[in-house]
Amino acid sequence: SYTTDANSREENKKTLENLYGLSVDITKIRRLKEWVLLQDVAYVKEIAGILQEMGADDTTVANIIERCPEAILHTPAKINSQRALWQLVCQNEKQLIKLIEQFPESFFTTEYQQNQKANILFFQELGLKNNIITRFLTSAPNIFYNPVEKNKNMIETLQRNYLNLGGSEANMKIWILKLLSQNPFILLNTSTAIQENLEFLQKNGFTDQEVLQLLSKLKGFIFQLNSTTMQKSMLFSKNIFKCSDQELKQLVLKCPALLYYSVPVLEERLEGLLKEGISIAQIRETPMVLELTTQIVQYRIKKLSALGYDIKSGNLESLNGTKKDFEVTYGKIQSKKERPIFNPVAPLHIED
């Protein structure tokens with residue numbers, strides 16, 4: 001709804017004066033979103049006043065406006081409504097202003113306030129903790145733009161499938177909350193996509209119990225895939241590892257990344273491992289190594305080699321896991337290497 005024809009419009013002098021008064025770097029705004037400066041109406045002082053009321057100092061106010069210039073185009077009434085909305089899940093205004101500074105675009109998207117409010121209340125009823133909901137508001141704001149009915153339908157679809165696959169009523173709530181907190185973007189999918197992906201796994205010989213296991217391991221990312229890409233990835237793995245359908249199924253259960261990553265990604269990672277002298281047999285033994293990027297693998301191999309650990313003849317388990325897991329493994333190998341070898345029955349050579 002804003003005018004973007006920069007050539008035919010002049011910058012609003014009053015807006016510029018007010019921004020200068022707040023020590024805002026106007027060149028940044030010109031570079032990012034010059035159209036904001038061309039609007040006839042802007043609420044620079046009012047928006048700054050609301051942010052200051054919440055506890056923001058001058059530097060913070062300037063920083064927020066520089067990062068999200070369109071903030072000054074919202075009416076004070078809209079921003080106060082948004083403030084009240086986010087306060088439903090924020091502990092206090094200090095936390096709120098910190099979030100606005102980190103994620104100004106999420107806060108200053110005010111078109112969907114009714115949906116945002118209905119979804120916040122729905123997530124609270126569902127049992128999601130407020131700190132998880134604030135994380136959603138900042139990192140996955142578009143799930144709040146959905147009408148609440150759409151999100152409710154998605155949750156009901158997930159619950160129904162969980163029970164159909166043999167999940168227990170008692171564990172269902174924990175399962176749903178965990179799935180949502182790991183990957184809120186599942187809510188942007190359709191019920192049809194979920195149904196198709198589950199049917200694909202069942203057609204490929206995965207039992208209900210195994211499908212449930214995969215859903216938990218994949219943190220809901222399976223719902224963002226489609227049967228075509230999953231089919232291609234599985235076929236690629238089957239050819240590379242020269243295994244039967246049953247063996248492939250076991251590999252996928254061990255390493256769901258074989259289902260999740262596309263063929264080009266798997267190819268690149270496999271190539272990186274082979275270049276390091278690692279064999280296909282080793283990778284088949286520890287497929288989880290394919291979850292790591294080539295750069296991470298190279299870095300870890302280099303660190304282990306410096307300790308004299310030969311990855312070509314050893315087990316790939318030492319490469320696996322998160323950064324923290326690897327540091328623990330590395331520490332153990334390092335302390336083992338540094339410990340002097342003492343043989344209790346060897347004769348002691350003592351000089352006379």
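## Largest pocket

Lys-217, Leu-218, Lys-219, Phe-221, Lys-254, Pro-256, Ala-257, Tyr-260, Tyr-261, Met-288 and Glu-291 line the largest pocket of this predicted model. A pocket is an open set of points on a 1 Å grid over the protein atoms alone, with protein on both sides within 12 Å along at least five of seven lines; lining residues have an atom within 4 Å of a point. Its volume is about 330 Å³. Seven lining residues are nonpolar, four are charged and none is polar.

## Basis

The model is predicted: local features need pLDDT of at least 70, side-chain atom pairs need 80 or more, and totals for chains, interfaces and linings use all residues. Numbering runs from 1 along each chain as its sequence is written, and side-chain values use heavy atoms, without hydrogens and water.

## Cavity

One cavity reaches 30 Å³ or more. In a cavity, a 1.4 Å probe fits but cannot get out. The volume is about 40 Å³ for the largest cavity. Phe-236, Ser-237, Ile-240, Phe-241, Leu-258, Leu-266, Leu-270 and Leu-290 form its lining. Helix α14 (227-241) and α17 (263-275) each give two or more of these residues. The largest share, four residues, comes from α14.

## Nonpolar core

The largest nonpolar core has 106 residues. Such a core joins buried nonpolar residues (under 20% relative accessible area, 1.4 Å probe, protein chains only) through side-chain atoms within 4.5 Å. Helix α11 (residues 169-182) gives the largest share, six residues.

Leu-51, Phe-108 and Leu-259 have the most contacts inside this core. Leu-259 touches residues including Phe-200, Leu-214, Ile-222 and Met-230, with contact meaning heavy atoms within 4.5 Å.

Technical notes:
Grid points are joined across faces, edges and corners, and a volume is the space filled by probe spheres set on the points. Ala, Val, Leu, Ile, Met, Phe, Trp, Tyr, Cys and Pro count as nonpolar, Asp, Glu, Lys and Arg as charged, and the others, Gly among them, as polar. Buried means under 20% relative accessible area, exposed over 50%, partly exposed in between (1.4 Å probe, protein chains only). Lists of a residue's contacts leave out its neighbours within four places in sequence.
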